[in-house]
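I opened this model to look up its cavities, surface patch, salt bridge and backbone angles. My entries follow.

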Amino acid sequence: MRLSDVAQRDAIIATMREHKNLSAPSAPRPLDPKPNWLTLAPASFVILWSTGFIGMRLGEPFAEPFTFMALRMAIVVAILLIAAWWFRAPWPANRREVSHAALAGLLVHATYLSGVLYAISLKLPLAYTALIAGLQPILSAVAANALMGERLSRRQWLGMLFGLAGVLLVIASKWTAGEISVAALTSAIVGLLGITAGTLYQKRYCSTMDLRTSGVIQYSATGLVLFAFALLFETRVVQWTPQFAFALGWLAIVLSLGAISLLYVMIRHGATAKVASLFFLTPSVTAIMAYALFGESLSALAIGGLAVSAIGVALVTRKGRS
């Protein structure tokens, strides 16, 4: 065989191999391995998230809702900027990722947090607020099933019903009569829709982003919107009492940095419905904290609701066959 024929043959073989590699579908990039400490994340998240209502109630008398939340966002952005610079964290690769991060932040932070706090400032009883927020896992499960193909077994759907029943029992133990304004009720419902949509959006579009740099984008977008609302609708007067400073620091550092980071890490490594089911425990744990901090009595009905919610979460999150 002539040298030119050999060269031609080798060229054809190389071309065929290259074509085969290009035509073969590339394997999806695996997610980060699940860290060992993540086993403690659900319990830590429930405890931290439950302190949110406590912190909001402590700080609400000293600042208007949008002003309060805008200050909280400013503190978080400053901390995350320093962390991103110190660790040289990677920033989103393009404008599309920046837009995804900003929208997720507006849903999870601006809509939910401001909606809940504004409802509390309009004197919506915490029982009603917790009842509305307790519907979030059901909405997340249904939406994730329809939009993201996350299938739930009968056991998991039964767990969702147990969780909702537990929330209703806790609320029933603290049910109070009184007038409820349409604005307060609407604000709480808007917050519920925001956290539900934000959880799903974060799972779909932002789960691979760095939490520090994407957090800067999320909280910056949220802070700008909230500050604009404060300029338009509020006096922006703040009473800088020790109680307000503590509430602001706790919500900014422990909630916005600690609890939200745990939420996003759990979303990244787990199914949306399983993570959302943890919200069923929030009203019960909040009731226990209110008893310890403010002396609010915990009835037998509330204790029963806590137990029922725990059973529901166990059914949803327990590993087993579909």
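**Cavities**

I counted two cavities of 30 Å³ or more. The model is predicted: local features need pLDDT of at least 70, side-chain atom pairs count only at pLDDT 80 or more, and totals for chains, interfaces and linings use all residues. Residues are numbered from 1 along each chain as its sequence is written, and side-chain values use heavy atoms, with hydrogens and water left out.

My rule for a cavity: on a 1 Å grid over the protein atoms alone, it is a set of points where a 1.4 Å probe fits but cannot get out, and lining residues have an atom within 4 Å of a point. Grid points are joined across faces, edges and corners, and a volume is the space filled by probe spheres set on the points.

I took the largest cavity to begin with. Its volume is about 120 Å³. Its lining consists of Trp49, Gly52, Phe53, Met56, Arg72, Tyr112, Leu113, Val116, Leu255, Ser256 and Ile260. Two or more of these residues come from each of α2 (41-59), α4 (95-121) and α10 (242-269). Helices here are DSSP runs (H or I, at least four residues), numbered from the N terminus. Which element gives the most to this lining? It is α2, with four residues. By class, I noted eight nonpolar, two polar and one charged. Ala, Val, Leu, Ile, Met, Phe, Trp, Tyr, Cys and Pro count as nonpolar, Asp, Glu, Lys and Arg as charged, and the others, Gly among them, as polar.

Next I checked the second largest cavity. It holds about 90 Å³ of space. I listed Trp49, Phe53, Tyr112, Ala130, Ala133, Gly134, Gln136, Ile195, Phe279, Thr282 and Pro283 around it. At least two lining residues each come from α2, α5 (126-133) and α12 (282-294). The lining splits into eight nonpolar, three polar and no charged residues.

**Surface patch**

I found a nonpolar patch made of Leu139, Leu185, Ile189 and Leu193, with about 320 Å² of accessible area together. Patch residues have over 30% relative accessible area and no salt bridge, and nonpolar side chains (Val, Leu, Ile, Met, Phe, Trp, Tyr) are joined within 5 Å. Areas come from the Shrake-Rupley method with a 1.4 Å probe; for residues, only the protein chains shown count as cover. Helix α8 (residues 182-205) supplies the largest share, three residues. Leu193 lies in this helix.

**Salt bridge**

How many salt bridges are there? I counted one. The rule is a side-chain nitrogen of Lys or Arg within 4 Å of a carboxyl oxygen of Asp or Glu. The pair is Asp210 and Arg212, at 2.7 Å, N to O. Is Asp210 buried or exposed? It counts as buried, at 17% relative accessibility. Arg212 is partly exposed, at 28%. The cut-offs: buried is under 20% relative accessible area, exposed over 50%, partly exposed in between (1.4 Å probe, protein chains only).

I then looked at Leu81, in helix α3 (residues 65-87). Leu81 and Thr213 are 132 residues apart in sequence, yet 7.5 Å apart in space, C-alpha to C-alpha. Leu81 is partly exposed, with a relative accessible area of 41%.

**Positive phi**

Arg88 has a phi near 55 degrees, positive in a residue other than glycine. I located Arg88 in the loop between α3 and α4. At 75% relative accessibility, Arg88 is exposed. Arg236 also has a positive phi, near 65 degrees. Arg236 lies in the loop between α9 (211-233) and α10. Its relative accessibility is 38%, so Arg236 counts as partly exposed.

Methods: On a 1 Å grid over the protein atoms alone, a cavity is a set of points where a 1.4 Å probe fits but cannot get out, and a pocket is an open set with protein on both sides within 12 Å along at least five of seven lines; lining residues have an atom within 4 Å of a point. Patches are made of residues with over 30% relative accessible area and no salt bridge: like charges are joined within 9 Å, nonpolar side chains (Val, Leu, Ile, Met, Phe, Trp, Tyr) within 5 Å.
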